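Hi everyone, thanks for coming. Let me bring the structure up on the screen, and then we can walk through a couple of spots together.

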Amino acid sequence: MTNNMKSFIAQLPKAELHLHIEGTFEPSLMFEIAKRNGQFIPFDSVEELEKAYKFDCLQDFLDIYYQGAGVLIHEQDFYDLTYSYLEKCAAQNVRHTEIMFDPQTHTDRGVSFKTVINGITRACDDAREKLGVSSLLIMSYLRHLSEEEAFVTLEDSLPFKHKITAIGLDSSEKGNPPSKFKNVFAASVKEGYIPLAHAGEEGDADYVWEAIDVLGIKRIDHGNNSLQDDKLVEEIVKRDLALTVCPLSNTALQVVKDLKDHPLKTMMEKGMNVTINSDDPAYFGGQVNKNYEEIQEALGLSKEDLYNLAKNSFQYSLLDNVLKQQYLKELETFYLANK
Ligand code: ADE
Ligand code: ZN
């Protein structure tokens with residue numbers, strides 16, 4: 001990669017739309033928090049823990065990801081985790097981020113919803129003020145759990161409704177189709193939450209159909225397997241639904257064997273509106289800029305392609321129109337001066 005391209009990516013104003021806060025948990029911070037909470041981690045060092053980050057599939061990763069999140073107990077832990085990610089955003093010119101959090105990963109261990117959300121939002125408020133990074137929250141239901149359990153989380157969230165913009169659906173996809181959550185999504189939408197979901201990461205195109213038709217989602221997380229079905233691709237374009245694509249996640253979880261085979265360019269050629277994201281950067285080998293860099297090299301993307309990807313990241317964000325237009329203007333000014 002040329003220095004010019006690297007610096008173009010580094011300075012490109014962008015938004016991150018697919019990011020799990022529990023997936024930003026760097027081993028060094030994990031050890032620090034585990035130590036102060038008197039928690040045991042079954043690894044002797046940061047290096048040993050990093051060596052365990054080799055995955056054959058999504059479930060392989062999820063097992064270790066939930067184990068890592070288990071050391072988060074106090075509001076300050078959630079604050080430190082979130083603020084540390086937001087500092088990385090500032091350093092990468094990520095101007096806006098939409099952060100997913102998994103309440104059930106914590107409430108199932110006896111940590112209250114309030115502890116989780118207050119820690120995260122306090123960090124977001126501080127980052128808005130001190131780092132100039134804006135953020136919105138996406139509360140994600142764990143799809144390996146029941147719909148009834150998701151309803152409990154929806155109830156838990158209501159006192160904090162003003163802090164949450166959208167709902168998501170994540171965790172083990174295969175065997176847990178979107179339709180399993182039809183009622184809780186309908187109830188969440190009634191409460192004012194915007195519906196989003198992971199679909200077509202490991203699940204087939206029929207899961208994406210369900211996510212858009214049964215859950216009525218407004219943006220598709222991953223969506224890779226949409227390409228199995230031409231009619232679905234046509235429908236996604238027609239309905240103007242963006243895809244939050246995560247290149248390094250896809251290779252880490254063997255969704256794509258090699259970045260050179262990544263479907264991103266095909267998606268763009270078919271008129272799909274795609275964005276670049278890091279998913280779980282602490283586990284998949286890179287933050288969002290590394291995702292831009294590696295996919296640029298693998299697929300030979302032009303500066304114009306990268307500009308369009310960044311433009312989509314603001315365009316398909318859940319931001320109000322005033323701030324959205326402000327960021328789009330900032331991006332355009334940068335591009336015109338650096339293309
Ligand atoms: N939770 C965290 N990362 C995830 C992913 N890539 N897919 C599904 N659930 C997740
Ligand atoms: Zn994800």
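Where does Asn225 lie? You'll find Asn225 in a loop, the one between strand S7 (219-222) and helix H11 (230-238). Before we go on, please keep in mind that this is a predicted model.

Is Asn225 buried or exposed? Its relative accessibility is 18%, and buried means under 20%, so Asn225 counts as buried.

Now, who are its neighbours? Leaving out residues up to four places away in sequence, Asn225 touches Gly200, Glu201, Glu202, Gly203, Asp204 and Ala205. Take Gly203 from that list: a polar atom of the Asn225 side chain lies 2.8 Å from the backbone oxygen of Gly203.

Let's move over to the metal. Which residues coordinate the zinc ion (ligand 2)? They are His18, His20 and His198, each through NE2, plus Asp279 through OD, at 2.0 to 2.3 Å. Along the chain, these donors follow the spacing H-x1-H-x177-H-x80-D. His18 sits in strand S1 (residues 14-20) and His198 in strand S6 (residues 197-199), so this pair ties together parts that are 180 residues apart in sequence.

What about the geometry? The angles among the four donor atoms of the zinc ion (ligand 2) run from 85 to 174°, and the site is irregular. For reference, four tetrahedral donors would ideally have angles of 109.5 degrees.

Methods. Residues are numbered from 1 along each chain as its sequence is written. Chains are lettered from A and ligands numbered from 1 in the order in which they are written. This is a predicted model: local features need pLDDT of at least 70, side-chain atom pairs count only at pLDDT 80 or more; totals for chains, interfaces and linings use all residues. Side-chain values use heavy atoms; hydrogens and water are left out. Helices (H or I, at least four residues) and strands (E, at least two) are DSSP runs, numbered from the N terminus. Buried means under 20% relative accessible area, exposed over 50%, partly exposed in between (1.4 Å probe, protein chains only). A polar contact is a pair of N or O atoms within 3.5 Å; within protein, one must be able to donate a hydrogen and the other to accept it, and residues adjacent in sequence count only if both atoms are side-chain atoms. Contact means heavy atoms within 4.5 Å. Donors are N, O and S atoms within 2.8 Å of the metal (3.2 Å for Na, K and Ca); water is not among the atoms, so sites may look incomplete. Four donors count as tetrahedral if all angles lie between 85 and 135 degrees; four count as square planar and six as octahedral if opposite donors are over 155 degrees apart and all others between 65 and 115; anything else is irregular.
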